[in-house]
Amino acid sequence: MEHNLLTQTVGLADSEVAATSRNGFDKGVAMRLTFLGKESVPDQSPTLYATDRESYIVQGWIVTDPEILTMITVADDETIVEVPPKLMVHLAKDGLAGEVMNMIPPIVHVADNGNYIVRGKNVTDQEALSRMSIPDHETCVEVSRSAVAALVGS
């Protein structure tokens, strides 16, 4: 299998994309993304993807609030994103039914407006990122499926 072969691009109608992962989960091996859902309004598009790596890609707003930034410690290969709680309902499409009940990592803070601050590995693979629609004020993180599953209660 050729690692850099892209099978299709991700959009609202498309469900999968293959790309090379260089973010620490399976370096150099093609990663498959499955679009789970989006909470979109003009100029804002938090999005959730499942991977074939037992992980999720969480796309959200870049956190710029100085108070939040000083509260949360991230490793050099990590970052944080802000997402609306409604984004997590799309986990049901990957078999994780139920509401987020446990405010534990990867959720590292709940903002005053109720949005979740999610910490995860930086997604730095330019090929994968180019296949997602990510506005300049957003970024994405990769988090393990087990960590996300621990958030959901039934």
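This is a predicted model: local features need pLDDT of at least 70, side-chain atom pairs count only at pLDDT 80 or more; totals for chains, interfaces and linings use all residues.

Residues are numbered from 1 along each chain as its sequence is written, and side-chain values use heavy atoms, with hydrogens and water left out.

A salt bridge here is a side-chain nitrogen of Lys or Arg within 4 Å of a carboxyl oxygen of Asp or Glu. By this rule there are five salt bridges.

One of them joins E39 and K86, at 3.5 Å from N to O. E39 sits in the loop between strand 2 (30-38) and strand 3 (47-51), while K86 is in the loop between strand 5 (78-83) and strand 6 (99-100), so the pair links distant parts of the chain, 47 residues apart. Helices (H or I, at least four residues) and strands (E, at least two) are DSSP runs, numbered from the N terminus.

Are these two residues buried or exposed? Buried means under 20% relative accessible area, exposed over 50%, and partly exposed in between, with a 1.4 Å probe and protein chains only. E39 is buried at 18%, and K86 is exposed at 56%.

Next, D77 and K121 form a salt bridge, with the closest N and O atoms 2.7 Å apart. D77 lies in the loop between helix 1 (66-71) and strand 5, and K121 in strand 8 (residues 116-122), 44 residues apart. D77 is partly exposed at 34%, and K121 is partly exposed at 27%.
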